[in-house]
Amino acid sequence: MSDIQQYLLDYDRSKKDASVTAEASATRLQNRELKLLSFIQELGEYLVSEDGAMRAKTMAYLAEVLSFVPQKVLSLQQRNLLCDFIVSRFEDSEGLGSCAKALIALEELGKWEDERAVMITESLLNNTHPLRQYKSASERYAVLRLLDKMMANYRDVLRNLQENTPGFLSRFIAYFDGEKDPRNLMMVFSILRAPMAEWNISADAQELFEAVFNYFPIAYRPPSNDVYGITVQDLKDRLRDCISATPDFAPYAIPALLDKLDTPMVNAKRDALTAITSVASEYGPRTMALYSITLWDALKFEVLNVQEESLAEEALNALAAIARTLSQGTNGPLQAYLRPIAKECNEHLEDAPTKQSQASARFLKAIANVSPEVTNIVFPNVLPNLLVLYQNADTTSKRRGLLEVFVQLVRADIDVYGSWRSLGTADQSLANALTEYKDQALDVMLNGLNSAPIKEVSFRLVCLDGLLQMSKARQLLSDNQIGEIIQLLHSIVIHEESYGKDEVKEAAINGLVEIAHQKPEIVIHKAFPAFLAELPDKDEDGSKAYVPVLEAFAKLASEEQMFGTVILRVKNKFSAAVKQGATPTYLVALLSALLYALTQGESRLQQDPESSTYFQDIVLPLLQRAASSDSTHPAAFDNETTLDLVGRICNLIVRPLNLEQHDKVAVELYTLFTGSSQSALPPFQVDSTSEQGKTLIVSTHVLASLRKEATLPVDLQVLISSLVDYSQIPSLSPVVRSASLRQLSLICNKFIPASSLKSSINQLLHDPGELFSLEKLDSLRIRIIFAILKGVVPRNSPFLSTIYPEVLAFLSHPQYGKTIAHGFTTLLQPDDLLTKVNHCQISGLHKQKSFALLVPNITAIFSESSAETKPNCLIALSGILKWMPFDIVVEEVERLVPLLLQSLDLSGEDLVKEAAIDLLLSVLREKPKVIEEYIGSLISRLLNNSTTTATRRTVGSSNLTAAPLPPPKVRTAALKCLTLVPDKLRHETVLPYRRQVTKRLTFALDDRKREVRGQAVKCRRAWLDVDEVDDDE
Amino acid sequence: MDRSKDNANPTILNASDLPSRRRELSAKKRDDGGTGLFDGLVPAYNYLNDPFDGPLSSSDSDDDSFEDIDEQEIYDLIAPISDPEHPLSLAELAVVNLPDIHVEPPTSPQSSISTVVVEITPTITHCSLATVIGLGVRVRLEQALPPRFRVDVRVKKGAHNTDDAVNKQLRDKERVAAALENGTLMGVIRKMLSTCE
C-alpha cells in the first residue's frame, strides 16, 4: 500500500497514525528513496476524484508531508513547482485550508521572490474572495495565518502591490468581511494592523476603519470548553490597537467613539473610554489638536456626574493622554485645549466645596502632572483666581475646598518636577512653574494652620498637607521657608492642646517625619532643640507634657539620617533623668521612646553590629544600674515595667553581635557586670531579696538575645534545676515568676542539644524531678511543666509523641484537670521571646505536628470520658485551636464542629467560647457545607450566647434578667457569627429560621452595650434580607 | 445620562468634620496627651494573661453599666444611608444632622415607650425625593431599634416647599405600609440602605 493510501485510510480513524505516515513519507523524500515527481504523481489519482472530501484529504497529506520535510531537501526549482501546483489548487473549493498550510510549510523552507508573493496573494484574492464562503473556521484560520505570514515577511512587496493596483485595498478589506470566530478575528485584526499603520490608505481609510470598528464593542464570552484560550481582553486589546493605528482614522473614530459614550451600558462605555485614551496617545499632536476640545466637552461629564468610579478614572486618563500628546507639539493647540478646562474649573471653584469643585480638583490633578508644558499653562490660569477666591471666601469650608484643589496641584507639581530626594519627569533645568505663587500660598496655609480654631480639623489638615507637599517639591521653597513649616509643626506637637482624635497632631508628627526624609538637617536644626527643651531632667510637677514630644521624637528615628541623633539624645536625657531622681513614670516614657526608636532602626543595628558603640554606651550602663545594690541603685529600677523595657533594649542591641561577644555577655548573665558573686543571686540563691529577684526580668531578655552556641555561666543541669526550684517559691511576684519560667522555656528551646533533649527532660519530669508525679502535682508545678513544653514544642522533637499523651492523661485529674486544660493555650500562643530572630529553634511545621498529636487524641478522650472531664477536654481543645492557622484545622473540621458547638454550652469559660465562635466563623467562611447539618443547633446556641428571652427592661428600672449572659465580647462575637449564617448557607436551609432569629434579635437590639447593639443591627439586617432575595430572582 | 437630578451640585461635608463618638472616647482614654504610640511595645499577653489563675473571662469589669441609646447612636445608624441621587451619604450631604435628632424618654413612669424624632434637611427646598429619603430613614430605624422605640421622621420646618405634605405622608402609617409594598420603591430604599455597615 502506498503512503497516500495508508494516510487516507488512517485519516478518519486516527489523525495521529496519519501523521506518522506523513512523517515517514517526508523521511523517504529526504533520503531520496522517494522522488518528488513520483510522490506528486501518486497524489494525482486522488486529486481528480469526484469525492471532494477525498481531494481535501489528499491536500492535507501534501501539507503535512511538507511540514515534516527539513530545510534544503527540496531545491528552489522543486519548491517553485510545488508552489505553482498548490496555487493552482485554489480553484478547487475543497482543501483550501490544507493548501494554505502547505504554502506556509513551503515558505518556511525558503523565502519566495517578490513576484511569487504577489502571485500567491493575487490568486488567493481572485479565487477565494470573500473568505466567509468557507464554512470551516479552522480552514479560514489556516488562510489567515498564511496572510499574516505574508504581511510579516513581504511587507514592502504587498505595499507596492497595493500602491500599483487600483482597488486592491478595498478588495483586500472586503475579503475578511463577516468573520465571527474569535481566533480568526485575532488574526484579522493583526493582518489589517499593518496596512493601517504603514500603507497609504487615504482613500480607503473609512472602509478600513469600519471593517474593524464594526466589531466594537466586543461582547464575547469564551465557551466553557474553549481550547484556544482567547479572552475577551485579548480581542479588546487588539481591536483597540487597530483603532489607534493611524491618525487617518480620526475623522471616523473620534465621532464614533464619542457616540458610544451615550450608551447606557457601562462596559461599552468603558471600552470606548479606553479606546479614546489610546487614540489620544497614538494619533499625534496635529490630529489631536483638531479634536481636543470636542473630547473635553464630552469626557468632562463622566467626571462631573460620576456614573461609575472606574468610568470617571478612565475619562481622566483620556484627558491626561490628550494633554500629554499635545505637549509634544507646539504651544498653541495645547493652550487652546487647556484654556477652556481652566476656565470651567475656575467657575466650579467659585462655589466650593461642592461635587463639581471636587471634580475640578480631579481634572486639574490629572492634567497638571502630565508635563511641564501643561503646568506652565494651567498654574497661571488657575492659581491667581484660586488665591483671590480664597481671600474673599466667607466660610472655612469653602477655603478648605479651594485648598484641596491647590494641594492636588502641588502633588502634580511634584510628579513633574520631583521632590528633593527624587527627580520628576521634567528636565531638571526647567524652573518650577509653582515658584511664582509659592510665597503667597505658603503665607495662606501657614496662616490657616496657625490661626484657625482647633476644631476646624479638616481645614487644618488640608493646610498641613499643603505645607508638607510644598516642602517636598524640588527646588521650590528655601531652607528658611521649610524651617518655618517645621517650626509650626513642632509647636503644634508640643504646645497645642489635645482635641478630638488628635488628627492634626498626628499629621504634624508624620509631616515632620516626611520632611525629615527630604531635609534631615533642617529638622535636626529646628525641631530637635525645641523638642529637647520640652523634656525636663526631672519631672516634678507631675505634668505629662513630655509624652507627645517623646512620641514625635521617637517616630523621627524611623528616618535613616535621624536615627543616630535621636538615640543619642534620648539616651543622654535618660542618664540625666536617672541622676536627678526622676519618677518611674518619666523613666518608663524615656525608655519606651528609646525602645521604639531602636525597633524602628533595627535594620541599622544589624548592618554593622561590631563597630557600633551602643553596647558600651547603652547596654552596659543600663545593666549595671539595674543590678547594682548599693546607693547608686536608682529607685526607679525597682519598677518591673522599667526593668522589662531595659531588658528589651538590651536584647535588641545584643542580638546582632557575634558569638565571641555573646560569650562575654553570657558569663555575666546573672551578675550583670556588677562583679558580685553569682551563687548569691537568684535563681541560684533561693533566699535572695525580692529586689535581686527582679533582675531576672532583665536577664530573661538578655538570655533570649544570645545565640544557642553561647556558653552559659553554669552547667546546664544546674541552671535548669535552679530555675525549677526558684519558680516554685510561693512568694514570687507574677512578673518575676513568669521571667523565671520563660528562662526555662528559652533554655529548653535553645541550649539543650538535640541528642540529650530526651534524657534531660525525662530527668525533670520523672526521675529525679518528679514533675509528673501525681501526688506532688500543684499549680506551680503545672506551670513549670508547660514552660518546659513550650520550649520543646517549636523544636518539633519526636520526643513530643511520648510526652503529650502523658500530659493529656492529667485532664481527668479531679483537682488539677482544669488547670492542666487551661495550660494548653500557652503552648502555641505567640511569644515575643521564642522567635527566630532570638536565635530560637522554630520548626516551620511544629503547629501541624502538635495538631496531629493532640487534636485526635483529645476528641478520642472526649468521647470516652465522664461528664466531669468533658469540659476539660473542650477547654484544652480550644486552647490549641485558638492559635492554629485555619488551613491546618480545616482538615479535621468535620469532626471538630460538634465539639465546638458543645463548647458554647460551657458556663464561665468565656475565653473558650470566644475561641470556639471565632473558629466557627472561619468554618462558615471557608467550608460552610460542613456546618449545614448543624444549622439548628448553631443558631440556637449563638442566640443563647447573645440575647436573653427575659422581659425587656424599662428605662430606669434595674435589670433582672434570668440567666446571666456571657460578657459583651462573646455576645458580639456570637452575633458576628450569626450575621454570616444567611450569607454563607443555602437560602432554603436558612429561611425556616428567619422569623425566629429576627424576633429574638430585637432583644439584642436593646443590649446594654453599644458595641453589641451595633453588631445586632448588622445581624438583624442580614436576616431581614433573607426572604427578599426571592423577590429579585 | 439617567434622569436629571434635582440638585446636580450639592455641597459636601468632609468626613473628618462629621460628629462621631470616637472623638470623646479617645480623648477620655488618654490623659497624657499622647497618641498611644508606645502602647504596643510590650505585647499584652505576656504578663497579663496567665491562664492558670482561676476562672478567666474576657469580661470587662463594667459590663453592668448601661450604655443608653442616645442621639449619636441614632445618627450613626442613619448617617451612612446613601442618597438616592448621589453616591454620597446622607451625613456628607448634611441631610441628617446630629442636632436635629432627639430621643425623648417615656412620657410617664409606667410607660416604657421612648420616641426618636429625626428631622431631615433636603439639599434643596424642592427636592422631589424628600419622601423617599424620609422613608429610608424610617425603615432603617425600625429595623435597627428595639420595639420600645417609636420612630418619628419629619422634614425640618422650612427646609422644604411642601414640608407639611411630606410630613403628612411620612406620619400616615397606612401610607407608609402601602409604600413599602411597592416593589420599585423598596428597591430604591434597599439600595440606599446597602451602604449601611
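Which side chains meet in a salt bridge at 3.4 Å, N to O? They are those of A:R986 and A:E988.

This is a predicted model, where local features need pLDDT of at least 70, side-chain atom pairs count only at pLDDT 80 or more, and totals for chains, interfaces and linings use all residues. Residues are numbered from 1 along each chain as its sequence is written, chains are lettered from A and ligands numbered from 1 in the order written, and side-chain values use heavy atoms, leaving out hydrogens and water.

View 1. A salt bridge here puts a side-chain nitrogen of Lys or Arg within 4 Å of a carboxyl oxygen of Asp or Glu.

**View 2. A:K236 with A:D271.** Their side chains form a salt bridge at 3.3 Å, N to O. A:K236 sits in helix α13 (residues 232-243) and A:D271 in helix α15 (residues 266-282), so the pair ties together parts 35 residues apart in sequence; helices are DSSP runs (H or I, at least four residues), numbered from the N terminus. A:K236 is buried at 18%, and A:D271 is buried at 10%.

**View 3. A:R1020, a buried arginine.** This residue lies in helix α51 (residues 1010-1024) of chain A. A:R1020 has no salt bridge, and B:E142, the nearest side chain of opposite charge, is 8.9 Å away (Lys and Arg count as positive, Asp and Glu as negative; His and chain ends are not counted).

Methods: Helix = DSSP H or I, 4+ residues; strand = E, 2+ residues; numbered from the N terminus. Buried < 20%, exposed > 50% of the residue type's maximum accessible area, 1.4 Å probe, protein only.
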